[in-house]
Amino acid sequence: QVQLVESGGGSVQAGGSLRLSCAASGYTYSIYSIYCLAWFRQAPGKEREGVTTIDSIGSTEYADSVKGRFTISRDNAKNTLYLQMNSLKPEDTAMYYCALPKKSWYCPLSYPHQYNHWGQGTQVTVSS
């Protein structure tokens, strides 16, 4: 049984930083290390949107809204995904989710339905 557990959310003022973590269990290291991984977010009343992805060799993709401010990384030995968020803005306020895709190599930012494992989410609130 795959489990994804996010942590690290909180309330910060605009310009502040947070580091989110997503710990995965139910996978052996050899399986987890070949999967691409993603962070999504969802604000109240809005659709879930892709934030960033990282593939098995560390290549990354970012939504335009977070480029230059957010950094995704992974530690395969710990089965953990990270999201470093700097220069936070009020519009970054949302519930943040990590996700594992249906296909190990396919992590589209625009298609959340391509992911079949989600964490419970961690809330990020940025005040102005």
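User: How many salt bridges does a search of the whole structure find?

Analyst: This is a predicted model, in which local features need pLDDT of at least 70, side-chain atom pairs count only at pLDDT 80 or more, and totals for chains, interfaces and linings use all residues. Residues are numbered from 1 along each chain as its sequence is written, and side-chain values use heavy atoms, with hydrogens and water left out. A salt bridge is a side-chain nitrogen of Lys or Arg within 4 Å of a carboxyl oxygen of Asp or Glu. Searching the whole structure on that basis gives a count of four.

User: Which residue forms a salt bridge with R41?

Analyst: R41 lies in strand β4, and its partner is in the loop between β8 (80–85) and β9 (94–101), 51 residues apart; strands are DSSP runs of E, at least two residues, and helices are runs of H or I, at least four, numbered from the N terminus. The closest N and O atoms of the pair are 2.9 Å apart. The partner is D92.

User: Is D92 buried or exposed?

Analyst: Buried means under 20% relative accessible area, exposed over 50%, and partly exposed in between (1.4 Å probe, protein chains only). D92 has 0% relative accessibility, so D92 counts as buried.
R69, which also meets D92 in a salt bridge (2.7 Å, N to O), is buried at 10%. For D92 the answer is therefore buried.

User: What is the relative accessibility of D64?

Analyst: D64 forms a salt bridge with K67, with 3.1 Å between the closest N and O atoms. K67 is exposed, with a relative accessible area of 51%. D64 also counts as exposed, and its value is 63%.

User: Why is the pair of F40 and Y115 edge-to-face?

Analyst: Rings of Phe, Tyr and Trp (its six-membered ring) pair if their centres lie within 6.5 Å; planes under 30 degrees apart count as stacked, over 60 as edge-to-face and the rest as tilted. The structure holds five aromatic pairs. For F40 and Y115 the centres are 4.9 Å apart, and the pair is edge-to-face because the planes stand at 75°.

User: Which residues do ring pairs link into a cluster?

Analyst: F40 is buried at 0% relative accessibility, and Y115 is buried at 4%. Ring pairs join them with two further residues, and the cluster is F40, Y97, Y115 and W118.

User: How many strands are in the chain?

Analyst: Read along the sequence, the pattern is β-β-β-α-β-β-β-β-β-β-β-β. The chain has one helix, and its strands number 11.
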